[in-house]
Amino acid sequence: MNMKAPRGTVDLLPENTRKWQFAEKKIKDICDRYNFNEIRTPVFEHTELFQRGVGDSTDIVQKEMYTFEDRGGRSLTLRPEGTASVARAYVENKLFGNPIQPTKLYYFAPMFRYERPQKGRMRQLNQFGVEVLGSADPAVDAEVIDLAMTCYKEVGLTSLKLVINSLGDSESRDNHRRALVEHFSPVKEELCSDCQIRLKQNPLRILDCKKDREHPAMKNAPSILDYLNDESKNYFEQVKSYLTMMGIEYEVDKNLVRGLDYYNHTAFEIMSEAQGFGAITTLAGGGRYNGLVEELGGPDTPGIGFGMGFERLLMALEAENKQVAIEEQLDCYFVAMGDQAEKESVKILHELRAVGIQADKDYLGRKMKAQFKSADRFNSSYVLVLGDEELEKQMINVKNLETGDQIEVKLEEVVSYMKETLQGGKGNE
């Protein structure tokens with residue numbers, strides 16, 4: 001029997017989950033400042049949602065989805081990305097009818113993709129993402145990009161690069177599509193098998209191919225920027241001007257297309273430039289997806305969002321040698337000696353925790369010296385020492401492990417004493 005975690009998955013042990021909690025808290029605080037609200041969607045959806053929303057021609061749908069039939073014969077898929085699920089929830093729950101618009105949402109969620117596992121890219125990946133539905137204002141595009149950059153900077157990253165592009169509206173993309181077909185058709189047989197299919201289904205995706213990136217035809221492929229109509233050009237210029245006003249540096253990459261069919265107008269990626277980060281430098285990616293909500297049965301609703309891999313965020317922190325400030329300190333540790341003192345310690349621990357004090361005790365029946373060692377391992381601020389003799393006097397010893405000072409406190413007053421002492425100490429920090 002194989003008792004190891006499945007390939008492409010990993011256990012997050014306590015020393016790592018604290019780092020995740022640090023980053024999650026930072027990001028949640030930022031989302032509050034930007035007035036985004038959290039949404040949680042199911043971990044699996046009907047397969048058709050991703051076929052229609054993400055696109056049949058994408059690598060995700062063709063190669064990477066975990067799809068299965070349930071006992072009722074329905075085809076279900078573990079969520080490979082977050083935008084389609086959020087758009088489905090938006091339509092199903094009629095969030096478009098909410099008087100507060102646009103709808104600004106964020107999520108933390110596991111995603112599942114069948115691909116070759118490598119550092120920072122797993123089959124179960126964890127993602128933070130945001131979606132804004134209901135506004136076609138270029139300022140919203142800039143706000144979403146600003147939020148993403150702020151998340152990375154406030155977590156501690158500095159070696160970042162933002163690249164942007166415009167995929168234009170439907171008219172611009174149709175003109176560009178024809179130019180791509182005309183450009184790549186003469187060399188079709190020289191392209192990989194995937195790109196030969198893409199040439200017919202979605203030629204824009206050829207520009208995102210990893211296998212054919214060095215092909216000579218890639219270097220002079222028609223740029224979408226040359227096929228933008230006036231409306232699309234104006235939209236892109238407004239997005240860029242807002243980013244400049246915010247002091248956000250960026251580069252325009254005419255070959256940035258993103259890997260999903262629903263993107264149009266603004267597309268962007270944030271990359272790590274930290275030395276030693278790895279060959280795959282992308283940390284986050286996103287863009288505008290006007291038309292997705294209608295594709296899923298909803299009203300005409302513009303949208304924009306991005307997804308940010310948590311594994312890659314922590315990899316970038318490691319590559320930049322940034323230490324996450326994690327507070328691992330127990331308020332107090334209870335040392336009890338004797339049967340009656342052990343019983344009393346359970347009651348007092350409950351009372352300490354009830355007033356917000358982080359407290360623990362020994363559960364292995366160890367001697368006093370070993371219990372004090374445990375208090376040190378937990379980096380406890382105080383130790384409460386209770387033996388049968390102290391219990392008889394209804395007193396308890398409170399020792400400050402930082403200063404070594406020790407005081408006797410009445411047993412009935414120890415909870416209020418510790419609360420006042422700890423709150424006073426934290427208030428003076």
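This is a predicted model: local features need pLDDT of at least 70, side-chain atom pairs count only at pLDDT 80 or more; totals for chains, interfaces and linings use all residues.
## The open sheet

Let us start with the sheet. Eight strands form it, in the order β1-β5-β6-β11-β10-β9-β7-β8. The sheet is open, and its pairing is mixed. At the edges lie β1 (37-38) and β8 (251-252), each of which pairs on one side only. Strands of a sheet pair through backbone hydrogen bonds, either parallel or antiparallel.

For a closer look at one pair, take β7 (residues 160-166) and β9 (residues 264-272). These two strands are antiparallel and share seven bridges. Lys 161, for instance, has Met 271 in β9 as its bridge partner. The sheet also has a helix packed on it: α1 (residues 14-33) touches β5 (103-112), β6 (124-133) and β11 (303-309). The direction of α1 makes about 160 degrees with that of β5.

## Helix α9 and its two sides

Helix α9 covers residues 230-245, 16 residues in total. How far apart are its end C-alpha atoms? They are 22 Å apart, which agrees with the 22 Å that the helix should span at 1.5 Å a residue.

Now look at which residues of α9 are hidden. Ser 232, Tyr 235, Phe 236, Val 239, Lys 240 and Leu 243 are buried. Seen down the helix axis, the buried residues fall within an arc of 130 degrees, so they line one face of α9. They pack against several elements: α5 (138-155), α6 (170-184), β7, β8, β9 and β10 (282-288). On the other side of the helix, Asp 230, Glu 231, Thr 244 and Met 245 are exposed. After α9 comes Gly 247, with a positive phi near 75 degrees.

## Strand β15 and its neighbours

Which strands does β15 pair with? One is β14 (residues 382-387), which runs antiparallel to β15 and is joined to it by four bridges. In this pair, Tyr 382 has Asn 400 of β15 as its bridge partner.

Another is β16 (residues 406-410), also antiparallel to β15, with five bridges between them. Here Asn 397 is partnered by Glu 408 in β16. β15 and β16 make a hairpin with five residues between the strands, and in this hairpin Gly 404 takes a positive phi near 85 degrees.

## A buried threonine

Is Thr 83 buried or exposed? Its relative accessibility is 7%, so Thr 83 counts as buried, the cut-off being under 20%. Leaving aside residues up to four places away in sequence, Thr 83 touches Tyr 107, Glu 131, Tyr 262, Tyr 289 and Leu 292.

## Cysteines without a bond

A disulfide is a covalent bond between the sulfur atoms of two cysteines. How many disulfides does a search of the whole structure find? The search finds zero.

Cys 151 shows why for its own case: the closest cysteine sulfur, in Cys 31, is 5.7 Å from the sulfur of Cys 151, too far for a bond. Cys 151 is also buried, since its relative accessibility is 1%. Cys 332 is buried as well, with a relative accessible area of 1%.

Notes
Residues are numbered from 1 along each chain as its sequence is written. Side-chain values use heavy atoms; hydrogens and water are left out. A disulfide is a pair of cysteine sulfur atoms within 2.5 Å. Buried means under 20% relative accessible area, exposed over 50%, partly exposed in between (1.4 Å probe, protein chains only). Two strands pair if DSSP finds at least two bridges between them. Contact means heavy atoms within 4.5 Å. Axes are lines fitted to C-alpha atoms, for helices over the stretch in contact, and angles run from 0 to 180 degrees between N-to-C directions. The expected span of a helix is 1.5 Å times one less than its number of residues. The arc is that of the directions from the helix axis to the C-beta atoms.
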